[in-house]
Structures are given as C-alpha cells and as structure tokens.
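This report describes one protein structure for a reader who is new to the subject. The sequence and the model are shown first, and the description follows.

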Amino acid sequence: MVENFTDFYDTLFEFSANIAYRIVKEKNISKDIAQEVFMYFLKEEDKLDYSDEECLRAKVHNKTRKVCLDYLKRSCNRHEMCITPLYNFFIKKISYRTF
C-alpha cells in the first residue's frame, strides 16, 4: 500500500524503468527517464492521491511513455541516433491507447 511519496517511489520506480527500457532499449537511459518521471511527480506531490494505487500506476505509465517519446524525439533531432521509424511506430501505437 502506498501511503506517501517514498512508498510511491519505492513501489513504482522499477515499473517506470521497465517501461522506459522496453521503449528506449538502454538500461542507463531508462533509469534516467524513470528518475525524471519521479522528479515530475515530486513537484506535483500535493496533487497525488495515494489511496488509489491503480490510478498512480496509470499516471506513472503515461508519464514514462511521454518522457520516452520526448527522449526519442530529442535524440533524433540531435542526430545522436536517428530512430524516426521507431519513434513514429510508438507515436501511432501508443497515442491511440487509453488508460
């Protein structure tokens, strides 16, 4: 059960990192993305409802997905590794899902 931000972080950090890893395929970057996701939620802590763990999980999933897509877009724009086809695939596949 999630009662505060520390529990929230401990419970869902690996969940976020795993989602990120499935999208970006880089272990270190996926952990950085998960860290960015939780920094966002730390800033928005007063808006979190810790009593609804499913809702928290959905929020983490959606925010992780968005941060990953932003990362892929920035990577392609900087020509570090242009993965436009992969980015477009995720945009089409994920943007039609609702949680």
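## A buried serine in the first helix

Ser16 is found in helix H1. Its relative accessibility is 0%, so Ser16 counts as buried. Leaving aside residues up to four places away in sequence, Ser16 touches Ala34, Val37, Phe38, Val60 and Thr64. The model examined here is a predicted one.

Asp7 also lies in helix H1. Asp7 touches Met1 and Val2, when residues up to four places away in sequence are not counted. Asp7 and Tyr50 are 43 residues apart in sequence, and their C-alpha atoms are 9.2 Å apart in space.

## Overall architecture

The secondary structure of the protein consists of four helices and zero strands. Read along the sequence, this gives the pattern α-α-α-α. The protein has 99 residues, of which 36% count as buried.

Contacts between residues at least 6 apart in sequence may also be considered. Of these contacts in the protein, 59% join residues at least 24 apart.

## The nonpolar core

Which residues touch the most other members of the largest nonpolar core? They are Phe8, Ile33 and Phe38, in a core of 25 residues. Helix H1 (5-24), helix H2 (27-43) and helix H3 (53-77) each supply at least two residues of this core. The largest share, 10 residues, comes from H1.

Phe38 has contacts with Phe5, Phe8, Tyr9, Leu12, Phe13, Ser16 and Val60, not counting residues up to four places away in sequence.

Helix H2 contains 17 residues, which at 1.5 Å a residue should span 24 Å. The C-alpha atoms at its ends are 25 Å apart, which agrees with that expectation.

The buried residues of H2 are Ser30, Ile33, Ala34, Val37, Phe38 and Phe41. They cover an arc of only 135° around the axis, and therefore they lie on the same side of H2. The face turned away from this buried side carries the exposed residues Asn28, Asp32 and Lys43.

## Aromatic residues

The count of aromatic pairs comes to nine. One of them joins Tyr40 and Phe41 in an edge-to-face arrangement, with 5.2 Å from centre to centre and 70° between the planes.

One aromatic cluster is formed by Phe5, Phe8, Tyr9, Phe13, Phe38, Tyr40, Phe41 and Tyr50. Among its members are Phe8 and Phe38, which were named above for their contacts within the largest nonpolar core.

## Cysteines

A disulfide is a covalent bond between the sulfur atoms of two cysteines. How many disulfides does the structure hold? The structure holds zero disulfides.

Cys55 counts as partly exposed because its relative accessibility is 33%. Cys68, in contrast, has a relative accessible area of 0% and is therefore buried.

Note on methods:
Residues numbered from 1 in each chain as written. Predicted model: local features only at pLDDT ≥ 70, side-chain atom pairs only at ≥ 80, totals over all residues. Heavy atoms only, no water. Disulfide = S-S within 2.5 Å. Buried < 20%, exposed > 50% of the residue type's maximum accessible area, 1.4 Å probe, protein only. Core = buried A, V, L, I, M, F, W, Y, C linked by side-chain atoms within 4.5 Å. Contact = heavy atoms within 4.5 Å. Expected span 1.5 Å × (residues − 1). Arc of directions from axis to C-beta. Phe/Tyr/Trp six-rings, centres within 6.5 Å; stacked < 30°, edge-to-face > 60°.
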